[in-house]
Amino acid sequence: MYKIGIIGAGSFGTSLAIHLAKKGEDVRLIVRNPEKLKAMEETRSNESFLPGVIFPDNLKLFQHNEDGLEDCDVLLFAVPAQNFRFALEKGIPFIGEKTVVVNVAKGIEQGTLLRMSEVAKILAPEAKYVALSGPSHAEELGRGMPTTIVAASEDEEVAKFVQELFSNETLRVYTNTDMVGVELGGALKNVIALGAGISDGIGYGDNAKAALMTRGIAEMKRLGVKLGADEATFLGLSGIGDLIVTCTSMHSRNRRCGIMIGEGVKPDEAVKRVGMVVEGITTVVAARQLAIKNGVEMPITEGIYRCCVAQSIDPAEAVKRLMTRAFKNEMD
């Protein structure tokens with residue numbers, strides 16, 4: 001039995017807490033909000049995100065790091081990407097020599113343009129760091145539906161440890177040492193999913209969405225390879241796998257937000273209606289800056305930025321500009 005501390009009691013943090021507790025691990029879930037903590041203690045569930053899913057008895061709830069994270073073998077961070085730096089800083093006192101740090105946030109830090117592993121390397125350079133990514137809606141994972149993800153680490157042995165710790169008959173974990181590719185795939189697919197939702201909201205059909213997803217993965221791959229990723233990673237779970245599930249499911253916050261924007265709702269209002277962090281909105285800013293900085297052409301990302309952040313063009317105009325760009329070879 002391993003002692004696992006989870007920072008972040010949102011949908012994915014809760015679903016992983018339930019999953020690991022069902023496996024028999026000693027799981028400690030940190031719930032910052034005292035009112036939410038009280039409600040979760042009373043119902044033994046997280047009705048906001050996983051209604052009707054009852055916590056196993058060995059899932060313990062705590063409000064403060066000091067009460068729940070002492071001597072944990074694994075610290076799992078399940079907070080939005082833009083909050084990861086702050087959460088990790090608060091968790092550093094509990095990271096020992098043998099502690100494995102697992103992160104599930106998918107994004108690029110605004111301002112610094114750093115991936116989450118790069119943030120971790122600055123703040124906790126000796127930490128045994130693993131990124132978990134792939135097509136994994138919390139609503140399904142928390143209910144024990146079959147799911148497959150990837151554990152990425154520069155240290156293959158640490159990735160294998162996480163693979164064995166998390167895997168069972170409902171969750172299969174693969175390993176990968178391409179941290180750049182796995183993290184960029186998980187981050188950039190949220191931008192493309194926002195675009196897929198916009199396409200649906202406008203009323204375009206399957207042809208448009210298929211085109212957007214296919215050219216989107218090409219765009220993701222271009223930037224990834226420029227930054228040192230393995231091209232093959234984008235054809236795996238953290239690339240095309242995560243892109244498919246995020247672009248096609250109503251579980252996807254990015255797609256739901258995009259649908260509203262395509263229907264004419266202002267981006268800020270659409271985010272408010274989703275009621276949770278929409279990573280695509282924050283990631284598109286950093287992704288665009290990375291593309292410009294590295295001289296990588298990313299026209300879909302640029303169009304989504306102009307629609308959702310700069311708000312300088314409407315969605316239909318963005319599509320028109322994409323469709324009337326200069327002709328080129330598909331492989332370029």
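A residue is termed buried when its relative accessible area is under 20%, exposed when that area is over 50%, and partly exposed in between, as calculated with a 1.4 Å probe on protein chains only. The structure is a predicted model, in which local features need pLDDT of at least 70 and side-chain atom pairs count only at pLDDT 80 or more, whereas totals for chains, interfaces and linings use all residues. Residues are numbered from 1 along each chain as its sequence is written, and side-chain values use heavy atoms, with hydrogens and water left out.

Two residues other than glycine adopt positive phi values. L113, with a phi of about 60°, is placed in the loop between β5 (100–103) and α5 (116–123), and is buried at a relative accessible area of 13%. R44, with a phi near 55°, is found in the loop between α2 (34–43) and β3 (59–62), where its relative accessibility of 24% makes it partly exposed. Helices (H or I, at least four residues) and strands (E, at least two) are DSSP runs, numbered from the N terminus.

Helix α8, formed by residues 179–202, spans 35 Å from its first C-alpha to its last, close to the 34 Å expected for 24 residues, the expectation being 1.5 Å times one less than the number of residues. Of these 24 residues, 22 are buried, and the helix is followed by G203, whose positive phi is near 110°.

C257 is buried with a relative accessible area of 0%, and C247 is buried with a value of 0%.
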